[in-house]
Amino acid sequence: MNLKLKKVTQDEQNASPTAEKTAMQDFLGGLNDAQRTAVTTTKGPLLIVAGAGSGKTRVLTYRIAHLIQHGVKPWEVLALTFTNKAAAEMKERIGRICSEDAARRIWAGTFHSIFARILRMEAESLGYTNTFTIYDTDDQLSVIRNAMSSLGISTQTISAQSIRSAISSAKNQMASWQDYATNASDFRERQIAKVYETYERTLRRNNAMDFDDLLLNMIRLLESSEQMLAKYQTRFTHLLVDEYQDTNRAQYIAVQLLAGAHRNVCVVGDDAQSIYRWRGADIRNILDFQKDYPEATVVRLEQNYRSTKSILAAADGVIKHNRKQIPKTLWTENSDGDPILIVQSRDDREEAERVVTIIQQEVQSGGITPRDVAVLYRTNAQSQPLEDALRRSNVPYTIISGVSFYKRKEVKDTAAYLRLLINPNDGESLLRIVNEPSRGIGDTSLGRIQAWAEVQGIGLLDAFRRSGDIPSLMKRAQNAAYDFASLVDRFAGKRDELPPDELAQQYIESTGLLQMYREQHTDEAEDRYNNIVRLLTDISEYTLTEEEPSLQDYLQRLALMSDVDEADTTKNRVALMTLHAAKGLEFPVVIIAGAEEGLLPLVKDNSHADEREEERRLMYVGITRARERLYITYAERRMRFGSVEYSTPSSFLHELPEETVNWSARKRRSEQFERNRFDAPPAYSQPQLAQSAPQPAPRNIPMRMPATKPAPPPKPAAPMRPAFDDIPSTENYSQMDGGSTHVAVRRGMKVAHKLFGNGTVESVTGTGDNQKAVINFPGAGRKHLMIKFAKLEVIG
DNA sequence: CTCAAGTCTCCGAAC
DNA sequence: GAGACTTGAG
């Protein structure tokens with residue numbers, strides 16, 4: 001039994017055509033009872049509670065294949081997945097079971113990409129044109145910054161970022177700017193309401209939608225008329241929603257509407273893996289499914305085919321500490337497997353070295369190749385030391401997410417040029433690239449053109465075309481603006497003549513962007529140049545492989561591509577990614593790095609218990625990605641935003657059942673370090689710390705390095721080093737430690753500043769990095785300076 | 001208007 | 001520490 005089941009899982013892994021063909025003949029045979037029910041219940045609402053590794057993807061593919069074999073037309077099936085990659089894989093498998101043609105005709109993709117596709121077709125009825133642009137988070141931010149500056153709201157008072165998330169969460173709860181304004185109860189919210197309004201008007205004027213709009217406009221479309229609703233209810237007779245626990249309010253309503261008539265809706269989810277509450281996911285959607293559909297069939301997939309007993313026990317040990325949890329028992333017939341190894345390190349760099357060692361050992365001991373290993377972490381910033389260490393040791397790796405190719409400035413600029421070509425109303429893209437490369441249209445001229453466009457009630461590009469009519473504009477700027485508009489218009493006119501790739505190449509070459517980088521002759525410019533070429537090459541590939549290629553479609557894919565989508569899994573490389581990005585994936589060997597209090601869980605002192613529970617689910621997701629072996633590493637201190645922070649092992653580690661874990665012995669060198677750090681206190685170390693020597697820093701309080709004390713500075717200011725600077729193994733830390741290298745100043749001191757000359761300190765406020773001083777410079781007046789940045793020299 | 005240097009902010013995950 | 005934004009001199 002065990003063997004047989006394992007074999008099926010492996011077939012799934014290899015996914016060779018023959019294996020899948022065999023599966024086709026009796027694909028129900030390889031399933032357990034619950035899985036079979038999930039596959040064959042084709043009528044009415046169905047809730048599949050699918051534990052981690054319970055063969056969910058297989059069930060979903062078979063289910064669709066089963067539907068098609070029982071007469072449902074492929075194009076009547078709507079499958080909403082969490083990533084486009086998951087959708088593509090699902091289609092591919094269905095292609096092998098049914099036919100390629102059938103697979104191609106299924107509507108499978110993320111909510112965002114499926115809805116974008118539909119909205120393209122129906123754009124006019126909502127007051128957009130079908131060339132609408134999709135704005136990503138960066139685009140949103142720049143619209144918001146512009147709105148704030150025209151409303152006279154300083155980013156000092158409210159950050160653009162916080163307004164962005166306020167608007168997004170309002171939209172997730174389906175609150176319009178009018179709703180928001182009505183409910184705004186304090187000054188801050190009233191300010192946000194104003195920005196929200198301007199933001200919405202700008203997007204409308206730009207013929208643009210943000211991610212949330214793709215969902216909201218779909219709902220508006222469905223609610224616009226009985227006929228419209230009926231049209232899509234009949235078009236899609238069978239709905240599948242994967243990762244249902246991470247759907248938000250808008251997605252929930254869209255599904256309700258679409259399924260309203262036939263109620264053939266199958267949702268799959270696991271409340272234990274809900275990790276997107278922060279972006280509006282509402283766990284009630286899955287918890288209340290049976291209320292919404294009282295007639296629903298409920299299937300629980302509780303047998304795990306992925307992991308060893310140890311790994312499963314570890315996952316269970318952690319998750320059972322959550323109070324809000326549907327009780328469930330995940331079990332497996334797999335072997336016990338190896339215990340989970342917990343690895344301690346001094347700092348993030350040593351942690352990275354150990355991760356490399358683990359990988360090398362895994363590979364050497366046979367059976368494991370780099371692609372079998374994933375390193376998971378909580379924050380993108382953690383990838384850097386890992387990356388350095390892997391590179392040094394020549395271990396092939398690939399980073400999923402992070403600052404990806406498509407988020408680079410030059411790539412975004414290129415995309416903005418293309419977007420403007422497709423959607424001339426896209427003022428945001430225009431502003432982004434109008435002076436890149438420099439065309440002599442600076443802020444002043446741009447401001448005048450914008451003001452004039454506003455008065456005339458025309459689009460920005462229109463105003464550029466008619467720049468000769470703008471009286472306030474200098475002749476030179478008028479010409480520059482006109483030339484820019486002509487450039488765009490010239491290529492917009494060729495949209496139907498040229499294939500997308502040629503159009504893009506000729507146009508981008510004409511913008512001067514490539515030439516600008518060519519002329520700079522720096523390594524950075526060369527990189528940027530190559531990246532643009534890479535994007536153009538990608539467009540060529542797309543043009544060749546798609547049946548009906550269009551720039552518009554290409555740009556849409558670009559905007560809606562998820563981090564995981566762009567991962568190239570064909571190469572044999574270790575995968576580095578965040579825990580969030582790892583959802584839905586599995587690896588024979590998993591290393592979870594940075595298991596420290598304050599990082600994983602990444603919670604602040606005042607955070608709510610709910611947030612802590614979400615962090616725990618994240619840990620759970622990480623653990624359950626592993627099939628054979630799991631390593632968890634943590635460091636005693638690490639660099640965080642430019643300075644060293646201390647922390648204690650994650651409290652989650654103590655939740656792992658003792659018999660499943662193996663705490664690796666702490667390395668000798670590390671103990672040595674501890675002793676040295678506190679036993680050899682030069683003049684400036686703090687006595688309290690010396691007393692607490694063997695104890696780690698208190699829980700939950702990430703401790704900064706002691707700030708330099710205002711001891712009488714010798715003259716000239718001797719290099720004041722942090723206490724541990726003379727420990728050989730800590731290389732570069734002293735330099736990076738912002739809290740300790742700068743000069744300590746006191747009232748009355750004479751100091752020298754590079755720019756302002758000599759002056760006298762009048763007062764000092766704050767401590768550590770935040771220390772500020774008011775200094776009177778006879779030559780330059782009274783200045784308020786941040787000590788950290790001022791680079792002062794004490795002269796007496 | 002442009003560029004470079006200086007200053008400041010951001011550090012939580014992402015369609 | 002990195003990147004975004006601001007500032008001041010040419």
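The second largest pocket of this predicted model has a volume of about 710 Å³. A pocket here is an open set of points on a 1 Å grid over the protein atoms alone, where a 1.4 Å probe fits, with protein on both sides within 12 Å along at least five of seven lines. Its volume is the space filled by probe spheres set on the points, which are joined across faces, edges and corners. The lining, meaning residues with an atom within 4 Å of a point, comprises 25 residues, and Asn-146, Arg-205, Leu-431, Gln-450 and Glu-454 are the closest to the centre. Helices H8 (137–151), H11 (187–205), H21 (427–433) and H22 (443–456) each give two or more residues, a helix being a DSSP run (H or I) of at least four residues, numbered from the N terminus. The largest share, 7 residues, comes from H22.

Attention now turns to DNA strand B. It is surrounded by 30 residues, each with a heavy atom within 4 Å of the strand; the closest are Thr-444, Ser-445, Ser-562, Asp-563 and Phe-641.

Several polar contacts (pairs of N or O atoms within 3.5 Å) can be followed individually. An N or O atom in the side chain of Ser-445 lies 2.8 Å from a phosphate oxygen of DNA strand B, while a polar backbone atom of Gly-442 is 3.3 Å from a phosphate oxygen. Trp-278 places a polar side-chain atom 3.2 Å from a base nitrogen.

Residues are numbered from 1 along each chain as its sequence is written, and chains are lettered from A in the order in which they are written. Local features need pLDDT of at least 70, side-chain atom pairs count only at pLDDT 80 or more, totals for chains, interfaces and linings use all residues, and side-chain values use heavy atoms, without hydrogens and water.

Key. A polar contact is a pair of N or O atoms within 3.5 Å; within protein, one must be able to donate a hydrogen and the other to accept it, and residues adjacent in sequence count only if both atoms are side-chain atoms.
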